[in-house]
Amino acid sequence: MGRITLINTSRPENDMNRVKFENGRIRFDADRLFYKDLNFLLRDVLKEHKPEIISIHNVYGQRYIGTNLRQNVKIEIYGTPGNDLGAFMDGPTIEVFGNAQDGCGNTMNSGEIVVHGSAGDITGFAARGGEIFVKDDVGYRVGIHMKEYQGKKPTLVIGGTAQDFLGEYMAGGTLIVFGLYMSEEQRHRADFIGTGMHGGTIYIRGKVEEHQLGKELGKVEMKDDDWALMEEYAYKYAEHFGYNHKQILNRDFVKLVPLSLRPYGKLYAY
Amino acid sequence: MENLSRKQNPYNDGKVIDSCGLFGMMSLKGNTFSGEDAMTAIANMNIRGNGLGGGLAAYGIYPDRPDQYALHIMYENGRGREETEAFLKESFEIVFNEEVPHRDSATGVVNPPLVWRYFVNTLGSIKEEDQDDYVVEKVMFINTKIHDTFVFSSGKNMGVFKGVGFPENIGHYFCLEDYQGYLWTAHARFPTNTQAWWGGAHPFSILDWTVVHNGEISSYGTNKNFLEMYGYFCTMFTDTEVMAYAVDLLIRQHHLPIELMAKVLAAPLWSEIDRMPEDEKEVYTALRQVYAGLLLNGPFTVIIAHQGEMIGLGDRIRLRPLVAGLHKDMLYLSSEEAPMRLVCRDLEYSWIPKGGEPIIGRLETNEVIYQDKPVVVGMDKNANTSSA
Amino acid sequence: MLTHLLPEFKIIRDDERCIRCEVCVRQCGFDVHSYDAEEDMLYADENKCVGCQRCAVMCPTNALTIKPHDYEYRPNANWSKEHIRDLNKQAETGGVILTGSGNDKPYRIYWDHLVLNASQVTNPSIDPLREPMELRTYLGRKPDKVEFDNNQVKVDMPAQVMIETPIIFSALSYGAISYQAWKALLEAADEGGTLCNTGEGGWPHELRPGKTRVIAQCASGRFGVDLDYLNSASIVEIKIGQGAKPGIGGHLPGEKVSADVSRTRMIPEGTDAISPAPQHDIYSIEDLSMLIYALKEATHYEKPISVKISAVHNAPAIASGMVRAGADIIALDGLRGGTGAAPKIIRDNVGIPIELALAAVDQRLRNEGIRNQASILVAGGFRNSGDITKAIALGADAVYVGTAALVAMGCTLCQKCYTGICNWGICTQDPYLSKRLNPEIAKRRLVNLIRGWSLEIKEMLGGMGINALESLRGNRLHLRAIGLDQWELDVLGVRGAGD
């Protein structure tokens, strides 16, 4: 027996045939590609070519796109990316031409996600920074446990409406629900809004009944700087999705803030 | 399966824990199509399963024998088949029987048993209204008393195909691309233990009712006790079985409409009931009082199907995913959105149903019923924007 | 409202020994002692005393004796003093009773009913002082086989982490414990060739360079979890549950969220740090798989992913599912596991003993043929190297010690961790108190503990004729039980002594 060497076979091999270089852009075909292979390939291509923009096509359910990326790059996704899109992401911009599934922006640190459609449950879960724009509706528990600290403050903008437990346990950041595509009489879908909320702000345009609100938060009056903020994000939303931003500001907003930084301080017998 | 409990629950756990991916598709007009799309869709979610169980249910696949009960029966050996066939001969009039076609070359299936199908009529002495109960009783007998034998399904003009492997492998094994049905449901299973067997895969079925289910309900013991009081024996130790029996009790035995059945399994919260108008309040209070033992507490999503209907339902605080989609006459229900779009690239619209609100696709009326209709219609940018 | 509570401790001051130095006054964060200069007398408010013994230890003349108070109600086999006390506390406040540390109730401790084997005649015992004795352990998923081809050994080898001794510091978060205590654990793990666990409170940035012997926890609050945090560690652990409080989350009170804690957890200062009961992206086994692979993606598949659960009724089936969901390490925390704060009713009533959970999980994974696919870590009240050696024989790869590490640093299990006051400087963010803990000395005490226990484990291994720890792992033939019922023997997979 001669000299023996060890080969570790745990890493997937990149299929470079899927990657096309066109006019300074990188185009990448993800058709039926397993997510692990997709993400290894994506990371390697970004590392080697450092493109400003890369587009991924035929995405059907592949998870974790954008996870473990820290560079400034724009990733365009055509199709329906899988769960945990941009989880732990730190920097990139992702634009989805389609709907996003559950866990979009999970524990995101910085960067931007723009969804030209709807997004699923727990969108923006535990996000600490960056911005997420969803053109249409979102699912349950969106913005749950978002938090902020020092310069980091996440913002989540929802064009349509949201479902139950919106902003549950929210500890920071800004959650904006425009309620477009709803009539003035129609109330938002979410119940238990901001349950356990102890930081951050929720702005909701349109009708919200008292019983839809969690008991840890209260309505406060919109001030000038709140309107300025709404204008800023209405403008950004309109830019992304081709909408008239003035139409967004034509209806009243409800501003919701936590009543206490310590919602459960009185729960215990010491 | 004489030793069903031991087979299904080899470690004698309190219950059998599993979770999964679900998919269902139905033509509301009854147009038939092959099982290919359902297989493609469920395969796209195979990371939600772990290859230890998969299966599909199909409706409208036996148009030539629509009036006979189609029994899909698996045998682990010849002895089971001998005993079963003797039993079937004395219990039914067997109109036709054959081995369920399969591909020996199929990969990814583990120890396939012999699967045979029998098209049967109940004996002439059985009154029409008693026929279903009669079939249930005979199926229960086979499943609990006869060696090495298990009935996959026993409904009319429908069938369940399931086994150990990923669902697309099971579908390929059973040549499901050769069948034409108007309603297909599919299940990718993630059991925590391996000692999986073909009968333990899903869909779970009783008569023509099938259930595919995702989640792990915390009320299992309570639900099981309640059902046992009404004469159901929970031998599979799974949530799915409990749900199938609950549906049978509420709909077939107690004649509740599906909408109310959904309000028993995923009961409205008391805070919601407190806000209802007085008459509704009384209805929902009574339902919760009578059927407290059937509240499915904890995460679940279920796709229930029977002849002419497909029903999607999630728990009342939506702890498990369910996405719905519509395109022309097609209704889709899925654990994730991507598979719907994979098999229907220009899907008209999709939405996230509210927890506890059933989505019902109904062949009879060619309609989809859901109370919580989405405000935005799919990807169409211009839809409904005028109201803003 | 007049309180009906009687003091828990009695303070006896030997006036002849007391030199009025007032050390006790300064040492007590609970303000028990006070000095009246006019009378030149020291007084004690016994109602405030928690029995931590700090004043007694620091008293230069040993003038203080602190002992449980001997007041008695009418004897009652059903209603103990503790029941009456707790009930009164709730009648007076209407709140949930908090406590710290681990379950102190007299549930059976199986370690005390198990005995180890030793070699006699038929095979020799080994003298660890002179012969090689290996405790080295690799944590992580092991493939089923290697392939040999053309002088190449091919193996699909997932990430592995080496420890020199099977004793790991359990999850103790910065925020719950002081910076000094946290730093001592980190440095002791580094020096002792083992690992420490961040807990869910993040990892101070200045303590990252050069330190990798860390298990970084990703819990429901996701405090301090970012790419840098995850990639700085050796192992990432998803915390599902904790033995002291299965099924519930945690609230680090706002007053413990100092500027430093805020920076480390990446949350605003003074705000409650709320850890929800579940991880809200995990409501089922396939969701667990989703987070496991999210973390693998985030760490480029270079770190083993551990999943920690409380030992509960369905632990074997759950653990089997966790392995299939991709967990490389299964961590089980038993009934007696400690905590910085938990509702007492949960701590004392929920979960199962670690011994039974470990035996059942190891057995199930072997029955399923997947034991090699995950390492097993166990936690929950390990008191000495004997407990640890027995745990290895029951099937553990290594043991988490939390309470033992705290005791090594000075903790006396007064169970008042949740108050934010700790006279030993361990479980507090008050700079006046925390500076009492010298990280250098605390580290030395921790390293000594690991060294002493490791030596003892080697002695026990040698006695059994074993010179590599892996030969004891799951080797239950080296265990016998005393005083247990048949069902317990069956669960433990151990025969009775003499059998």
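Student: How many helices and strands does chain A have?
Tutor: In this predicted model, the secondary structure of chain A consists of 3 helices and 14 strands.

Student: What is the radius of gyration of chain A, and what would a compact globule have?
Tutor: Chain A has 21 Å, while a compact globule with 270 residues would have a value near 18 Å, so the two agree.

Student: What percentage of the residues in chain A is buried?
Tutor: Of the 270 residues in chain A, 57% are buried. As for contacts in chain A between residues at least 6 apart in sequence, 42% join residues at least 24 apart.

Student: How are two packed helices described?
Tutor: We give the angle between their axes and the distance between the axes. Take chain B: helix 6 (residues 220-229) and helix 7 (residues 239-253) pack at about 40 degrees, and their axes are 10 Å apart. Helix 6 of chain B and helix 7 of chain B are therefore oblique to each other, and their crossing is left-handed.

Student: Which residues make the contact?
Tutor: From helix 6 of chain B come Tyr220(B), Asn223(B), Lys224(B) and Leu227(B). Helix 7 of chain B supplies Asp239(B), Val242(B), Tyr245(B), Ala246(B) and Leu249(B). By class, this contact between helix 6 and helix 7 of chain B has 6 nonpolar, 1 polar and 2 charged residues.

Definitions and conventions
Residues are numbered from 1 along each chain as its sequence is written. Chains are lettered from A and ligands numbered from 1 in the order in which they are written. This is a predicted model: local features need pLDDT of at least 70, side-chain atom pairs count only at pLDDT 80 or more; totals for chains, interfaces and linings use all residues. Helices (H or I, at least four residues) and strands (E, at least two) are DSSP runs, numbered from the N terminus. The radius of gyration is taken over C-alpha atoms; the globule rule is 2.2 Å times the number of residues to the power 0.38. A residue is buried if 20 or more other C-beta atoms lie within 10 Å of its own, exposed if 12 or fewer, and partly exposed in between; C-beta atoms are placed from the backbone. Two residues are in contact if their C-beta atoms, placed from the backbone, lie within 7 Å. Axes are lines fitted to C-alpha atoms, for helices over the stretch in contact, and angles run from 0 to 180 degrees between N-to-C directions. Angles under 35 degrees count as roughly parallel, over 145 as roughly antiparallel, 65 to 115 as roughly perpendicular and the rest as oblique. A crossing is left-handed if the near helix is turned anticlockwise from the far one by less than a right angle, and right-handed if clockwise. Ala, Val, Leu, Ile, Met, Phe, Trp, Tyr, Cys and Pro count as nonpolar, Asp, Glu, Lys and Arg as charged, and the others, Gly among them, as polar.
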